[in-house]
Amino acid sequence: MSELNIGLIGAGRMGAFHGETITDRIPQANLYAIADPMLGAAEKLAQQLNKNSKAYTAPLDLINDENVEAVVIASPARTHASNVLAAIRQGKAVFCEKPMAVNMEKADEIVQALEKSNTLMQVGFNRRFEKGYNAAHEEVKAGYIGTPQLLKSITRDPKLNGAESIPEWTIFLETLIHDFDALRYLNPGAKPVEVYAAADALVRPDLKKSGLLDTAVVTIKFDNGALATAEANFQAVYGYDVRAEVFGSEGMMTAGGIRESSMTRYNKQGISYDTSRYDQNLLFDAYVDELRSFTDCVLNNKTPYATAEDARWALKIALASIESVQNDRPVKIENYALI
Ligand SMILES: NC(=O)c1ccc[n+]([C@@H]2O[C@H](COP(=O)([O-])OP(=O)(O)OC[C@H]3O[C@@H](n4cnc5c(N)ncnc54)[C@H](O)[C@@H]3O)[C@@H](O)[C@H]2O)c1
């Protein structure tokens, strides 16, 4: 196999970016087919990216297409697990956007299905592919900052759009899920044992009654003694802000940032720089590198860098956080509640 035939499920914002990456940025990958239930969406994206790509409305038809060797899933979160399972059962390699599933039954089913299969799966935790996060992970693992004691992970989105239609608990299941994985990644080998979470609607207090949570802080205790916080807000007026910090007995590492470029402006007002306003700008290379790595793993039978087991851990922390908010108390990770 020299070129990987990929089927893309979901032709929205993230699907379009991944489709472009498969078509233009990874020579070993071919955008063989696209599926999206919205009439005309798959055809439209195929017209833009690769006129030879087949277009389906039913994701299962794409998964069952015998020429599709790997599936990239970029549909809404609550549709992921069933297509992941269908693809694994067909022996197709899977790249799935986060979250892999929204409940532990499905997450466990996926991990078990993978164990019984000859295929592999990667999850869209793109911060693992961001050069600063990756370097920090390697240095923490090598012991350069001694024993991790405090960790911090931040996600602040630039603008709260479509607030009325955001599904319940999105801040934990779709936003902070990145931070939960980043904290595990930056505290290598340590297990999260307990969480305590607080969340509110501070950007749109008018939507609190309808269940919106746009601001949250989660504290996490790890079994190596480290204490961590993950925080998110859906509207940072100054840009898209994704950062992390690990403080240890021998020093500190930081990763991530907000700069649009390395340019710094010095003038009468002082010193300033432009900030990124869009996730696909700030993390462009990480989004491309995660799919490049996935293609390499499938073609050369390597283990992915962000696995289903990683996704399962991040989901556990998210579900425990939800239970913590519901009951306003700390929650042991092993006792997380199902929602
Ligand atoms: N890694 C990241 O930083 C990041 C950033 C943004 C989005 N995402 C993830 O990407 C996924 C898609 O997000 P988006 O922003 O592109 O959403 P979107 O709404 O722009 O696109 C979703 C697409 O999926 C299609 N769709 C709806 N139901 C479907 C189904 N049952 N099967 C297949 N397709 C279906 C819709 O018609 C739409 O075209 C989500 O899981 C989201 O969490 C990840």
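**Exercise 1. Determine whether Gly19 is buried or exposed, and describe its surroundings.**

Step 1. Gly19 has 25 C-beta neighbours inside 10 Å and therefore counts as buried. The criterion for buried is 20 or more other C-beta atoms within 10 Å of the residue's own, for exposed 12 or fewer, and for partly exposed a count in between, with C-beta atoms placed from the backbone.

Step 2. The model is predicted: local features need pLDDT of at least 70, side-chain atom pairs count only at pLDDT 80 or more, and totals for chains, interfaces and linings use all residues. Residues are numbered from 1 along each chain as its sequence is written.

Step 3. Gly19 is located in helix α1 (residues 13–25). Helices (H or I, at least four residues) and strands (E, at least two) are DSSP runs numbered from the N terminus.

Step 4. Leaving aside residues up to four places away in sequence, Gly19 touches Leu8, Leu31, Ile34, Leu45 and Leu49. Contact requires the C-beta atoms of two residues, placed from the backbone, to lie within 7 Å. Between the C-alpha atoms of Gly19 and Asn30, which are 11 residues apart along the chain, the separation is 9.4 Å.

**Exercise 2. State the strand order of the open sheet of 6 strands and identify what packs on it.**

Step 1. The order is β3-β2-β1-β4-β5-β6, with parallel pairing. Two strands pair if DSSP finds at least two bridges between them.

Step 2. Axes are lines fitted to C-alpha atoms, for helices over the stretch in contact, and angles run from 0 to 180 degrees between N-to-C directions.

Step 3. Strands β1 (residues 4–9) and β2 (residues 29–35) run parallel and are joined by 6 bridges. Leu8 has Ile34 as its bridge partner in β2.

Step 4. Helix α2 (residues 41–49) packs on the sheet, where it touches β2 and β3; its direction makes about 155° with that of β2.

**Exercise 3. Give the strand order of the open sheet of 7 strands and locate the helices that pack on it.**

Step 1. The order reads β12-β11-β7-β10-β9-β8-β15, and the pairing is mixed. The edge strands, β12 (251–257) and β15 (331–332), each pair on one side only.

Step 2. The parallel strands β7 (residues 148–156) and β10 (residues 227–233) are joined by 7 bridges. Leu150 has Leu227 as its bridge partner in β10.

Step 3. Helix α6 (residues 131–141) packs on this sheet, touching β7, β11 (241–248) and β12, and its direction makes about 160° with that of β12. Helix α10 (residues 308–327) also packs on the sheet, touching β8 (192–200), β9 (215–222) and β15, at about 55° to the direction of β8.

**Exercise 4. Describe how domain 1 and domain 2 are placed and which residues of each are in contact by number.**

Step 1. The domain assignment, whose bounds come from an automatic or database source, gives domain 1 (4–119) and domain 2 (130–285 + 314–335).

Step 2. The C-alpha centres of the two domains lie 27 Å apart. In contact are 8 residues of domain 1 and 7 residues of domain 2.
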